[in-house]
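Please look through the structure below before reading on. The paragraphs after it describe how the chain is put together.

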Amino acid sequence: MLARTATVALFTLAAGLAQAAGVHYQTVPVVEVEPNYSVTRTPVDRTVCWDETSYQRTADSRRSATPTVVGAIIGGVIGNQFGGGNGKKAATVAGAALGGSIGRDAGRARQPGRYLPVTEERCTVQRDYEERSVISGYRVSYLYEGQVHQTTMRDHPGDQMRVRVSITPAP
């Protein structure tokens, strides 16, 4: 109870001091209200994906040995046609080795798909910014004693607003 009485007394004292200092409040009509806008930027993350193709080498386990064997036989027959004695044997071995190598290379060249395409999805996060205009306050025009005055307010005042009038004696 004592606190309530003290609070009422304090407000009464403040109002009395304000009137003694020439301060009072009055309700005035609002003439015009214009919103002030500011632009805000909000980050927006989005995932962007794409397909990326790479090539992987196939396993050589399914390759046929036939081209190498046939090439060695043909090379050995051709090498056997040259030389005599030990030279004939050397020419046969050299022809077989060379024919086997040529047959192997020819067999590899004819086998398609040494490298197979593999498609994988790749993704990354991109940051974009969303811009939008928001009302940051209001420019308010109001009428007081026949003159239009302006002020900036955080909230829309409506059709009327309360103003503090201060009277100061001239020197």
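Predicted model: local features only at pLDDT ≥ 70, side-chain atom pairs only at ≥ 80, totals over all residues.

Residues are numbered from 1 along each chain as its sequence is written, and side-chain values use heavy atoms, with hydrogens and water left out.

The chain has 3 helices and 4 strands, taken as DSSP runs numbered from the N terminus (helices H or I, at least four residues; strands E, at least two). Along the sequence they follow the pattern α-β-α-α-β-β-β. Of the 171 residues, 13% are buried (under 20% relative accessible area, with exposed over 50% and partly exposed in between, 1.4 Å probe, protein chains only).

The largest nonpolar core has 9 residues, among them Val28, Tyr142 and Met161. Such a core is a set of buried Ala, Val, Leu, Ile, Met, Phe, Trp, Tyr and Cys residues joined through side-chain atoms within 4.5 Å. At least two residues of this core come from each of β1 (23-57), β2 (115-144) and β4 (160-166), and β2 gives the largest share, 4 residues. Leaving aside residues up to four places away in sequence, Val28 touches Tyr142, Leu143, Tyr144, Asp159, Gln160, Met161 and Val163, where contact means heavy atoms within 4.5 Å.

Val70 counts as partly exposed because its relative accessibility is 41%.
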